[in-house]
Amino acid sequence: MEHRRARSSRVHGHRAMTYSSSRFGAVSFRVAAVVAVLLRFLIGMHMPLDAYSAVRSPFDDLLMVRYAQLDAHFHPATDWDQAFALVKTMSFPYFLNLIGLLGIPYRAALTALYCLGAYACVTGMRRLLSACGLTDRFNRWVWLGVFVFLAYCPATFDYDAGSKIYREPMLVPVVMLLAGLMLIYVASCWKPRRDTVLRQWSGMLAWGVLLGGVWSFYWYVKESGIWLAPLLLMTLVSCGVLVFRRCHASYGKGIAGRMVPVLLSVVVALVPLGVFGGSVAAYRAVNERYFGVPYASIRTEGEIAGFFSRLYTVASDERTDGEWVPWSVVEKAQSVSPTLRAHPRIVEWMAKGQFGSAPWAEDPPDTDMGVWTLIWDLAQSGEFGDQRSVQDLFARINSELDAADLPQSEGLSPSKSVAPKTLRQVWALHPSWWMSFRTSALWRHYEVRSPDSYACDTAHESDCRLLETTLGESLPRQGESGVAWRGTGLATGIAGAIVRVYQAAALLYLPLGFLGFLAAAFTALRRRDGMLHRVTLAAFVFAVGAVGSVAALMLATSWVTYPEAVEAMIHHAKYYTAAAAPLIQLTAITGIGLLALAVSARIGQSSHNCPNTAEHQS
C-alpha cells in the first residue's frame, strides 16, 4: 500500500514538473516572440527615410506623394498635372491615404507589413510541411527563427532598396505576403483530417478571395507586376491538381467522378482570378470616369505606349542596347504620318531631347525614357489638353505608321514596352543578371548609410512639409542634429550588423535549400502515393514558380537598365530586384524543410507520421 502511494506520488510529481516545464516554455516563447516583434518595430521606426532624394525626384518619389493628394490627383489643374496623372499606378498612394486615415506613421506601417508578410510565410510553410508530421520536428522556436529571418530582411535597411519614400520598398513585404498566402492556399487544397466538408471549402474559398485581393493590390503597386505571374500560375495549378486528385478519389467512377473534380478544380483556380478581374474592372472604371481613359499607366498601355512600341521595332542602324529610339527613327515616323507633321510643336519639343537637356539627335533618351520625354514634351508644348484627346491623336498617328509598313528590326521582346533584342544581345545581359543575383540572393553591396545623407533639403521646404503631412513623420532638415536624429544612429548601427549577418548566412542556407529540393524530388519520385508525395510535389512546383518569377524580374531589369557602369548596375540591381529577395529566402527555407522531410522518410519515420491518402480521407 505504501509502495503504491509512493509510486503515485512520484508519477504526480513528474507530471507536475512536466506541466511546469511546458508552461515555462510557452511563456518563454511568447516573451521571445513579443521581443522579436517589438525590436523589429523599434528598428524600423527609427530607420531614416530618404527625404533628400524624394524632394529631388519629381517623376518618382515626389510624384507618388502628390498622387496621394487624391482630390488634386483626380482633378488636375495644370497641363503638367494632367499629363503625368496616369504615368504610374495607385496602390502606393492609396496605401499612404489609408495609413493617414488610421493615424499610422509610414515607417510603422511598413514595418507592420514586413511582420505580416513574415507571419503569412511561416503559417504557409508550417501548414504545408506539417501534413507529413514535420510540425513535431520543427518546434515553435524554429518557426520563430524563420519569422525573424523573414521579418528582418535586409532589403528594408539598405539605402537603395529600403530607405526610399517610394513604392519599391513596399514591394518587398507585399511580395512576401503574397508568397505566404499562396503557400496557405496550396495547403488548404486538401482535406484536413478533422475538418468537415463545409469548413474545408469555406476556408479554402476565403483564402482564395484574400489571395485575389492582395494580388490586386500588388498589381497596381507597379506597372511591371507581370513578373510574379509564374508563381501565381504554379500556385493555381498545384491547387487544381490537389483538389482534382482528392475529389476524384472521393466521388469514384461514373459521371460524377469525372465531372465534379474538374469543376471544383476550375473553381479553385478561378476564385483568386475572379477577385482580381473585378478589381481591374473597378480600377479602370475610376480612371474612365475622371480621365476619360481606362488605362492604369499611359507609359505601358494605350496609344502613346503603342506609338513607342512601334518606334522600337522600326529598323535602324543607329539603335543600341542603351538607346532604343534614335532620332532617325522619329524622322521616319514623321515622314509617313501626316497627323504627326500637322503638329510640329510636338516634334520641335521632342528634338530638344530628354526633358530638354540635350538635342535628341545628339543624345537620345536612355532605353524607355523616350516615353517620359514625350509626355513631358506634350505638357510643355501645350498639346496635352486631356487624356482622351491625346490618346485619339496618337491613335491616328499609329494607324498611319501601321499603314506605312516601315522596315522592321530583328529580335525578340518579352513586352511591347521594351525594344527587341537578338539572342546574342540577350546573352550579353549576363553581367546584369549576375549582379542581380548577388544582391538579391547573397545581399552583396547592401549597406546602411549615415542618417545625415537622408536629411530633407530646406531649399525644397514646401515639399518637405508635404512629405511630413502625407507620411505622418517628422523629417529632419539638413544641418539639424540632436533630438531630430534621436535613436537613428543606434538603429542604423544595428541594421548594419543585421545585414552583415545575413550576408554570411546566405552562404549556408542557399546550398542547403537547393539540396533539399533535390532530395524532395527524389523522394516524390520514389513514393508515388500518399500525403508525402503531394506535399513534396506541391512545394516543388511552388519553387519552380518562384524561381521562374525571380528569373523574369532579373531579365526585365537587365533588359531596361543594361549596359551601364558598375556602380549604376549595383544601384539598379538592388532597387529594382529587391522584391525577389523574400522569394529566394522563402524558397531556400522551404527546401531546408523538405530536406528534413526527405531524411525523415529515409529513416522510415514518415510511414508513421504520414498515413496514406485513403486513411486521411476515411
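**Ground rules.** I am working with a predicted model, where local features need pLDDT of at least 70, side-chain atom pairs count only at pLDDT 80 or more, and totals for chains, interfaces and linings use all residues. Residues are numbered from 1 along each chain as its sequence is written, and side-chain values use heavy atoms, with hydrogens and water left out.

**α17 and α18.** I looked up helix α17 (residues 344-351) against helix α18 (residues 369-381); their axes come within 9 Å and cross at roughly 125 degrees. Helices here are DSSP runs (H or I, at least four residues), numbered from the N terminus. Axes are lines fitted to C-alpha atoms over the stretch in contact, with angles from 0 to 180 degrees between N-to-C directions. The pair is therefore oblique. On this scale, under 35 degrees is roughly parallel, over 145 roughly antiparallel, 65 to 115 roughly perpendicular, and the rest oblique. I noted a right-handed crossing of α17 past α18. In such a crossing the near helix is turned clockwise from the far one by less than a right angle; anticlockwise is left-handed. R345, I346, W349 and M350 of α17 touch L374, W376, D377, L378, Q380 and S381 of α18 (contact: heavy atoms within 4.5 Å). I sorted this contact into 6 nonpolar, 2 polar and 2 charged residues. Ala, Val, Leu, Ile, Met, Phe, Trp, Tyr, Cys and Pro count as nonpolar, Asp, Glu, Lys and Arg as charged, and the others, Gly among them, as polar.

**α14 and α19.** Next I took helix α14 (residues 303-313) and helix α19 (residues 387-404), whose axes lie 8 Å apart at about 25 degrees. They are therefore roughly parallel. Their crossing is left-handed. From α14, E303, I304, G306, F307 and R310 meet a set in α19 that includes F394, I397 and L401.

**Cavities.** How many cavities of 30 Å³ or more does a search of the whole structure find? I logged 4. A cavity is a set of points on a 1 Å grid over the protein atoms alone where a 1.4 Å probe fits but cannot get out; lining residues have an atom within 4 Å of a point. I found 15 residues lining the largest cavity, with G44, M47, L110, T156 and G162 nearest its centre. Helix α7 supplies the largest share of that lining, 5 residues. The second largest cavity holds about 60 Å³. Its lining includes E168, Y218, W227 and Y576.

Note on methods: Helices (H or I, at least four residues) and strands (E, at least two) are DSSP runs, numbered from the N terminus. On a 1 Å grid over the protein atoms alone, a cavity is a set of points where a 1.4 Å probe fits but cannot get out, and a pocket is an open set with protein on both sides within 12 Å along at least five of seven lines; lining residues have an atom within 4 Å of a point. Grid points are joined across faces, edges and corners, and a volume is the space filled by probe spheres set on the points.
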